[in-house]
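Here's a quick briefing to read alongside the model. Have a look at the fold first, then work through the notes below.

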Amino acid sequence: MDKFQTVLELKNISKSFPGVKALDNVNFSLKKGTVHVLCGENGAGKSTLMKIIDGIYQADDGELFLNGTKTVIKNPLQAKENGISMIFQELSYVPDMTLEENLFLGNWPKKGASIDWKSVRQKTLTLLKQEGLPYSPDIKLRSLSVSDIQMIEILKAIGNDSQIIIMDEPTSAITNKEVEILFKKIQDLKSRGTSIIYISHKMDEIFRIADEITVFRDGKSIVTKSVTDWTMDQVVECMVGRKIENQYPKQEISIGEELMRVEGLSQPEIFQDVSFHINSGEIVGFAGLMGAGRTEIMRAVFGLDPYSSGTIKIKNKEVTIKTVKQSIKHGVAMLTEDRRRTGIIPILSVKYNTTLASMDKIIYKGRLHRDVEEKISTDACKSMNVKTPDLNTTIANLSGGNQQKVILAKWLLCDPDILIVDEPTRGIDVGAKREIYELMSTFAAKGKGIIMISSELPELIGICDRIYVVNEGRIAGMLSRSEFSQESIMQLAVSNADKKEEVISL
């Protein structure tokens with residue numbers, strides 16, 4: 001069989017949702033044993049097309065062919081039967097089930113009428129050993145990090161022995177070491193004739209693994225070319241329809257008085273003796289390896305997790321922050337790392353998600369004031385440039401970048417003095433990233449402070465005034481803007497650690 005025969009073809013695919021034409025007469029083809037990368041801004045239609053291939057959505061018009069045969073895929077089970085698996089950007093798993101249960105969910109090996117648990121265990125152990133992953137089959141996914149769960153989702157797709165694997169932002173929450181493992185696995189899958197559709201906003205990744213690149217814009221497939229016929233700048237320009245001259249729009253803002261000082265914050269076995277401060281007008285970055293403790297420190301500062309010792313001062317006054325409510329009261333807000341799990345309520349509207357943290361503004365005198373709710377949510381979403389058919393749209397139907405802007409709108413409605421943002425641009429396209437950076441700079445220019453956790457060194461260097469580097473639960477050092485370089489941050493991040501292959505993204 002010819003290695004480069006077409007295994008999947010979609011012709012004239014269209015799909016509409018209330019108020020939005022998500023796909024407009026799209027054509028796409030995938031060749032055997034190749035990686036075909038899809039690029040485009042959030043909301044361009046990439047994920048919608050993939051969900052049609054996976055049977056989650058049904059196209060309004062158009063045809064799908066598998067190995068030259070016209071095929072109708074009505075649901076994900078039929079997709080699996082036809083050798084198609086999909087790894088979602090928003091991770092799909094059951095937190096209170098074990099790793100092995102999640103791996104085979106909906107695809108249980110049977111012994112008679114019963115589940116063959118012996119086979120489940122053996123297959124799980126074989127897969128874990130084969131992929132070099134150090135997890136126990138019995139561990140519940142609730143206790144694992146986003147990075148761990150991402151690797152298990154990848155493992156699930158590989159375990160299905162699929163001939164077509166769709167990967168939607170698969171590296172958005174994993175370390176560089178895990179990225180290398182994934183890329184080796186992709187090469188192995190290609191060598192066995194598996195075809196991969198890969199969605200990513202990370203240009204360095206795209207040009208490492210792609211055979212072909214298709215750019216989507218406004219629900220249309222604009223152009224498809226071999227990776228050798230593209231440059232990074234051409235891909236970005238084609239995605240957004242314009243040149244992006246300055247990716248990191250850093251404003252020069254005069255630094256004012258101290259807003260927060262944390263001293264000696266500790267929680268045994270998680271982080272120790274953490275001290276830092278932030279002033280008005282500052283964007284302060286937190287860098288480090290995944291698992292270094294960056295997120296855990298900020299969760300404690302925000303009142304999500306406990307700390308055993310240390311002090312937190314807001315505007316030179318020592319405060320107690322044990323709950324999120326106390327944190328908001330003291331002018332601190334936090335955009336969390338996993339927007340799906342802890343940032344939004346997916347089944348509710350854009351309006352509700354926007355006003356969720358500001359109910360006191362719309363519920364008073366014993367009733368809900370819907371006209372006030374409508375106005376403040378409209379104004380907040382407009383100021384964030386949220387693209388949505390209307391405010392009653394379910395937020396899960398928005399693109400990742402627009403969901404992120406709704407979360408920012410939610411917290412800015414609380415009028416915080418300090419905003420903590422944890423991986424604010426993860427899984428977001430270059431155009432939406434720039435909008436987020438501009439919003440952050442505008443917030444800081446009002447005399448507010450931003451603490452930014454990121455695994456992307458270029459954005460920390462491009463947008464921050466100072467950077468703290470966390471290493472194994474401790475502050476390894478602080479760098480001022482004149483000291484910024486990828487090398488200086490890396491050196492602090494990996495000192496006294498045998499993890500140099502896991503350095504944060506360059």
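**The chain at a glance**

Among contacts in the chain between residues at least 6 apart in sequence, 67% join residues at least 24 apart, where contact means heavy atoms within 4.5 Å. Keep in mind that this is a predicted model, in which local features need pLDDT of at least 70 and side-chain atom pairs count only at pLDDT 80 or more, while totals for chains, interfaces and linings use all residues. Residues are numbered from 1 along each chain as its sequence is written, and side-chain values use heavy atoms, with hydrogens and water left out.

**Overall shape and surface**

- The chain has 506 residues and a radius of gyration of 23 Å, which agrees with the value near 23 Å for a compact globule of that length (taken over C-alpha atoms; the rule is 2.2 Å times the number of residues to the power 0.38).
- Along its principal axes, the C-alpha trace spans about 70 × 50 × 50 Å.
- You'll find 17 helices and 24 strands (DSSP runs numbered from the N terminus: H or I of at least four residues for helices, E of at least two for strands).
- Of the 506 residues, 55% count as buried (under 20% relative accessible area, with exposed over 50% and partly exposed in between; 1.4 Å probe, protein chains only).

**Nonpolar cores**

- The largest nonpolar core holds 74 residues, and Met260, Phe276 and Met452 touch the most other members (a core is a set of buried Ala, Val, Leu, Ile, Met, Phe, Trp, Tyr and Cys residues joined through side-chain atoms within 4.5 Å).
- Helix α15 (residues 430-445) gives this core its largest share, six residues.
- Apart from that core lies another, of 46 residues, including Leu99, Ile174, Leu189 and Ile209.
- Leaving aside neighbours within four places in sequence, Met452 has contacts that include Ile283, Phe286, Tyr437, Met440 and Leu460.

- Ser162 is in the loop between α5 (146-159) and β9 (164-168), and is buried at 5% relative accessible area.
- The side chains of Ser162 and Ser85 are joined by a polar contact of 2.5 Å (a pair of N or O atoms within 3.5 Å; within protein, one must be able to donate a hydrogen and the other to accept it, and residues adjacent in sequence count only if both atoms are side-chain atoms).
- Beyond its neighbours within four places in sequence, Ser162 is in contact with Gly83, Ile84, Ser85, Ala157 and Thr194.
- Asp148 lies in helix α5 and counts as buried at 18% relative accessibility.
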